[in-house]
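Here is a short report for a reader meeting this structure for the first time. Please keep the sequence and the model in view while reading.

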Amino acid sequence: MDDLMDAAREAVEASYAPYSEYRVGAAIETVDGTVYTGCNIENANYSNSLHAEEVAIGSAVRDGHREFTRLAVSSDKRDGVTPCGMCRQTLAEFCDDDLPIYTDGEAGAEYTLGELLPTTITPGHLDR
């Protein structure tokens, strides 16, 4: 987990957060061991801002990856930030409920996607 968290921490440094001044980085690992990182990128109208997890998973999907093994999230505050609801839903599109999500805080924490987003909307709901 340390290597993945280190990658998330490095991604924090690339963050563009002039409005909130809350910098976030994420690192997601694919099933083949490739790690993709992302940082938050804010926009003056706020709703067009990109979240670190979205940037990381979007880069991986762009490169053809659809399966992931774990995710680490960090902020410049090292306050144990977890993915927001929108990012959790994006993760649920590609990841199972047992995806480990590591946070960066005083003690650090580990969650699963299912713990953070129970009874999520999945592609299976569209088949009904």
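## Helix H2 and what follows

Gly64 comes after helix H2 and has a positive phi, near 95°. The model is predicted. Helix H2 spans residues 52-62. Its buried residues are Ala52, Glu53, Ala56, Ile57, Ser59, Ala60 and Val61.

What do the buried residues of H2 pack against? They meet strands S1, S2 and S3, and also helix H3. S2 covers 35-39, and H3 covers 85-94. An α-helix has 3.6 residues a turn, so residues three or four places apart point the same way.

## Arg70 and its two partners

Arg70 sits in strand S3. Is Arg70 buried or exposed? Arg70 is buried, because its relative accessible area is 12% and the cut-off for buried is under 20%.

A second salt bridge joins Arg70 and Glu29, at 2.9 Å from N to O. Glu29 lies in strand S1 (residues 24-30) and Arg70 in strand S3, so here the tied parts are 41 residues apart in sequence. Glu29 is buried, as is Arg70. Both pairs also count as polar contacts between side chains: Arg70 with Asp3 at 3.2 Å, and Arg70 with Glu29 at 2.9 Å.

Which other residues does Arg70 touch? Leaving out residues up to four places away in sequence, its contacts include Met1, Leu4, Ala27, Ile28, Leu99, Pro100 and Tyr102.

## Salt bridges around Asp104

The whole structure holds eight salt bridges. One of the pairs is Arg9 with Asp104, whose closest N and O atoms are 2.9 Å apart. Arg9 is in helix H1, while Asp104 is in the loop between strand S4 (100-103) and strand S5 (109-112), so the pair ties together parts 95 residues apart in sequence. Arg9 counts as partly exposed, at 28% relative accessibility. Asp104 counts as buried, at 4%.

These two residues do not stand alone. A network of salt bridges links Asp6, Arg9, Arg78 and Asp104.

## Ser74, another partner of Asp104

Ser74 is in strand S3. Its relative accessible area is 0%, so Ser74 is buried. Which side chain does the side chain of Ser74 meet in a polar contact? The partner is Asp104, at 2.7 Å.

The contacts of Ser74 also reach other residues. Not counting residues up to four places away in sequence, they include Met5, Ala8, Arg9 and Val12. Arg23, Val24, Gly25 and Val81 are also among them.

## The largest pocket

How much space lies in the largest pocket? The volume is about 170 Å³. The pocket is lined by 14 residues. Closest to its centre are Val24, Asn40, His51, Glu53 and Cys84. By class, the lining has eight nonpolar, four polar and two charged residues.

Two of these names have come up before. Glu53 is one of the buried residues of helix H2. Val24 is one of the residues that Ser74 touches.

Definitions and conventions. Residues numbered from 1 in each chain as written. Predicted model: local features only at pLDDT ≥ 70, side-chain atom pairs only at ≥ 80, totals over all residues. Heavy atoms only, no water. Salt bridge = Lys/Arg side-chain N within 4 Å of Asp/Glu carboxyl O. Helix = DSSP H or I, 4+ residues; strand = E, 2+ residues; numbered from the N terminus. Buried < 20%, exposed > 50% of the residue type's maximum accessible area, 1.4 Å probe, protein only. 1 Å grid on protein atoms, 1.4 Å probe; cavity = no way out; pocket = protein on both sides within 12 Å on 5 of 7 lines; lining within 4 Å. Points joined across faces, edges and corners; volume = space filled by probe spheres on them. Nonpolar A, V, L, I, M, F, W, Y, C, P; charged D, E, K, R; others polar. Polar contact = N/O pair within 3.5 Å; in protein donor to acceptor, adjacent residues only side chain to side chain. Contact = heavy atoms within 4.5 Å.
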